[in-house]
Amino acid sequence: MRTRNVIVASASGLHARPARVFASAAAGTNVRIAKNGAEPVDASSILRVMSLGVAHGEEVTLCVEGDDTTALDRLAELLARDLDAE
Amino acid sequence: MGNHNGDQPRAASCGILVTGHGRFAGGLVGAIEVIMGPQDGLRAVDFPETDTAAQLRDNLTRGLAALEDHDAIVVFCDLRGGSPFNVMNELRGTRNGVEILYGVNLPLLLAFISERDRGESVDALIRSAVEDGHSGLGRFEVPAQAATPSDGDDDWA
């Protein structure tokens with residue numbers, strides 16, 4: 001399993017609209033997302049991403065089974081941007 | 001739920017009709033569009049206090065007609081046994097492939113819409129979205145470490 005830790009840059013955290021952008025980008029991947037070492041959830045589900053309650057500046061962990069890190073890197077880069085400002 | 005043959009319509013090709021008392025439907029669709037942006041094949045039929053049952057029936061009939069190009073239509077109602085649900089239930093026989101859900105909330109509708117392009121059947125997506133609707137309802141338990149604003153801080157209002 002490969003992982004990436006990333007600090008969420010969105011000004012208001014992963015509330016509805018940034019979560020929608022992130023979950024849409026995660027569609028078709030097997031990437032999961034977790035906070036504080038809790039059980040990871042499906043990154044492509046807006047509801048599960050929102051349920052994490054991720055605030056601005058908090059660290060999350062993205063993970064995927066196998067060695068394909070392309071989606072992992074793309075999603076980590078997305079979370080490192082302020083999606084509220086886009 | 002209805003269609004259990006081997007050629008079930010795909011969720012991606014289904015129309016969505018939201019209906020309920022007052023401005024429930026327009027409000028719910030408005031909330032979806034704030035989060036998800038404009039959606040194809042999504043209609044709201046409100047039932048304001050000033051409307052009669054006949055007007056509701058006309059509006060729901062038009063709502064279904066506006067979605068007639070879709071392989072299936074999933075109707076999201078606010079209350080089982082309420083007029084929007086009852087009238088919709090009477091109209092469901094006017095075309096094939098109409099599914100009715102009730103007790104609808106924003107998590108359910110959001111799950112259905114955000115996941116309808118995944119290639120699932122309508123039936124499969126209804127089942128998973130209803131589960132999401134259930135799990136999206138609850139009492140928020142404040143995490144223990146966040147129960148108080150800060151030590152010695154007396155401006156907590």
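Colleague: Let us begin with helix H4 of chain B: how many of its nine residues are buried?

Modeller: Please note that this is a predicted model. Helix H4(B) covers residues 106-114, and seven of its nine residues are buried, so the rest of the structure largely encloses this helix.

Colleague: Which residues of H4(B) are buried?

Modeller: They are Pro107(B), Leu108(B), Leu109(B), Leu110(B), Ala111(B), Phe112(B) and Ile113(B).

Colleague: And what caps the N-terminal end of H4(B)?

Modeller: Asn105(B) does: one of its side-chain oxygens lies 3.0 Å from the backbone nitrogen of Leu108(B).

Colleague: Which residues is Leu28(B) in contact with, leaving aside neighbours within four places in sequence?

Modeller: Its contacts are Val18(B), Val104(B), Asn105(B), Leu106(B) and Leu109(B).

Colleague: Where is Leu28(B) found, and is it buried or exposed?

Modeller: Leu28(B) belongs to helix H1 of chain B, residues 24-36. Its relative accessible area is 10%, and buried means under 20%, so Leu28(B) counts as buried.

Colleague: How many residues apart in sequence are Leu28(B) and Leu110(B)?

Modeller: They are 82 residues apart in sequence, while their C-alpha atoms are 9.6 Å apart in space.

Colleague: On to the nonpolar core. Which residues of the largest one touch the most other members?

Modeller: That core has 53 residues, and those touching the most other members are Phe22(A), Ile33(A), Leu62(A), Val18(B), Phe76(B) and Phe112(B). Phe112(B) is also one of the buried residues of H4(B).

Colleague: Now chain A. What is the order of strands in its open sheet?

Modeller: The four strands of chain A are ordered E1-E4-E2-E3, with antiparallel pairing. E1 and strand E3 (41-42) of chain A are at the edges with a single partner strand each, so one side of each has no neighbour in the sheet.

Colleague: How many bridges join E1 to E4 in chain A?

Modeller: Six bridges join E1 (residues 2-7) to E4 (residues 59-64), and these strands run antiparallel. Within this pairing, Ile7(A) stands opposite Glu59(A), and Thr3(A) stands opposite Cys63(A).

Colleague: And which residue of E4(A) is the bridge partner of Arg32(A)?

Modeller: That partner is Cys63(A). Strand E2 of chain A, residues 32-35, is joined to E4(A) by four bridges, again antiparallel.

Colleague: Finally, which strands does helix H3 of chain A lie across?

Modeller: Helix H3(A), residues 70-79, lies across E1, E2 and E4 of chain A, and runs at about 10° to E1(A).

Conventions. Residues are numbered from 1 along each chain as its sequence is written. Chains are lettered from A and ligands numbered from 1 in the order in which they are written. This is a predicted model: local features need pLDDT of at least 70, side-chain atom pairs count only at pLDDT 80 or more; totals for chains, interfaces and linings use all residues. Side-chain values use heavy atoms; hydrogens and water are left out. A nonpolar core is a set of buried Ala, Val, Leu, Ile, Met, Phe, Trp, Tyr and Cys residues joined through side-chain atoms within 4.5 Å. Buried means under 20% relative accessible area, exposed over 50%, partly exposed in between (1.4 Å probe, protein chains only). Two strands pair if DSSP finds at least two bridges between them. Helices (H or I, at least four residues) and strands (E, at least two) are DSSP runs, numbered from the N terminus. A polar contact is a pair of N or O atoms within 3.5 Å; within protein, one must be able to donate a hydrogen and the other to accept it, and residues adjacent in sequence count only if both atoms are side-chain atoms. Contact means heavy atoms within 4.5 Å. Axes are lines fitted to C-alpha atoms, for helices over the stretch in contact, and angles run from 0 to 180 degrees between N-to-C directions.
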